[in-house]
Amino acid sequence: QRGGPYMSEAVDEICAKLTDEQFKGKLLVVLAGYDADMDEMLSVNPGLKSRFAERIVFNDLSIAATRDRLELKLKAKKIGLSPEDAQSAELLVLAQQLTESPDFSNGRDVETVRDRTYGEVAKRFKDRSDSATLADVRKAVTGLLSSRQAQSGGKVCAKASFGDQATATTATSGNSTRTATDEKMVSDPER
């Protein structure tokens, strides 16, 4: 559970205030977050979900909107793409790769790609006013997506490696029995 004990504590406090006569009908509570996180939080207390009658959903940016937003952000940073690059099919493909990535964060990702693109331009030129190229944007998008794969791969590797370590410990240690779980290793208290 991502929120841990603090999530339950926060949810209990929200429920208490929403049902308290002193605040009933006078309190406005806005919860904001990603769908899965919000669903998890609302499921902590069975009565909480029914207290939020209205849900406003902000859809992810479309591929074209991601491309357009990136183009605007690059122009604002004074490293805009050439008109040909800005309307190219490749830029649309890069925007599609970004929007279809598992952890797409909309505007935040566009800004990250803008900043990484700026870094690529800075490596080539001392003059800030030079334009970015599709190659710069490609490196920025590829770098962002690669870093996500490494992060998610790292979690998987750590868990698999941890399980292998626990198995090896169990097999080699006669006076200690250890069991691997997804998150921690528990030693036999008699050890």
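What share of the contacts in the protein chain with a separation of 6 or more is accounted for by residues 24 or more positions apart? In this predicted model, such residues account for 61% of those contacts, a contact being defined as heavy atoms within 4.5 Å. Residues are numbered from 1 along each chain as its sequence is written, and side-chain values use heavy atoms, with hydrogens and water left out. Because the model is predicted, local features need pLDDT of at least 70 and side-chain atom pairs count only at pLDDT 80 or more, whereas totals for chains, interfaces and linings use all residues.

The protein chain has eight helices and two strands, where helices (H or I, at least four residues) and strands (E, at least two) are DSSP runs numbered from the N terminus. From the N terminus on, the order of the elements is α-α-α-α-α-α-α-α-β-β. Of the 191 residues in the protein chain, 27% are buried; buried means under 20% relative accessible area, exposed over 50%, and partly exposed in between, with a 1.4 Å probe and protein chains only. The mean pLDDT, the predictor's confidence in each residue on a scale from 0 to 100, is 78 for the protein chain, and 75% of its residues reach 70 or more. Over residues 154-191, however, pLDDT stays under 50, and the model has 21 contacts beyond four places in sequence for this stretch. Where pLDDT is low, the predicted coordinates should not be read in detail.

Leaving aside neighbours within four places in sequence, Thr117 is in contact with Leu74, Ile79, Ala132, Asp136, Val137 and Ala140. Gly119, by comparison, is partly exposed, because its relative accessible area is 27%. The C-alpha atoms of Gly119 and Ala132 are separated by 9.9 Å, and these residues lie 13 residues apart along the chain. Asn106 is placed in the loop between H6 and H7 and is buried, with a relative accessible area of 17%. When residues up to four places away in sequence are not counted, Asn106 touches Asp60 and Leu61. For Asn106 and Leu61, a separation of 45 residues in sequence goes with a C-alpha to C-alpha distance of 5.9 Å.

In H6, the buried residues are Leu91, Leu94, Ala95, Leu98 and Thr99. Seen down the axis of H6, these buried residues fall within an arc of 135°, so they line one face of the helix; the arc is that of the directions from the helix axis to the C-beta atoms. An α-helix has 3.6 residues a turn, so residues three or four places apart point the same way.

Grid points are joined across faces, edges and corners, and a volume is the space filled by probe spheres set on the points. The count comes to one cavity of 30 Å³ or more, and the largest cavity has a volume of about 40 Å³. Its lining consists of Thr66, Arg67, Leu70, Leu91, Leu94, Ala95, Leu98, Val137 and Val141. Helix H4 (63-76), helix H6 (89-99) and helix H8 (134-172) each supply at least two residues of this lining, with the largest share, four residues, coming from H6. By class, seven lining residues are nonpolar, one is polar and one is charged, where Ala, Val, Leu, Ile, Met, Phe, Trp, Tyr, Cys and Pro count as nonpolar, Asp, Glu, Lys and Arg as charged, and the others, Gly among them, as polar.

The largest pocket holds about 990 Å³ of space. Of the 28 residues that line the largest pocket, Leu31, Ala32, Met38, Arg55 and Ile56 are the closest to its centre. Helix H2 (35-43) and helix H3 (48-51) are the elements that give two or more residues to this lining, and the largest share, three residues, comes from H2. The lining of the largest pocket has 16 nonpolar, four polar and eight charged residues.

Notes: 1 Å grid on protein atoms, 1.4 Å probe; cavity = no way out; pocket = protein on both sides within 12 Å on 5 of 7 lines; lining within 4 Å.
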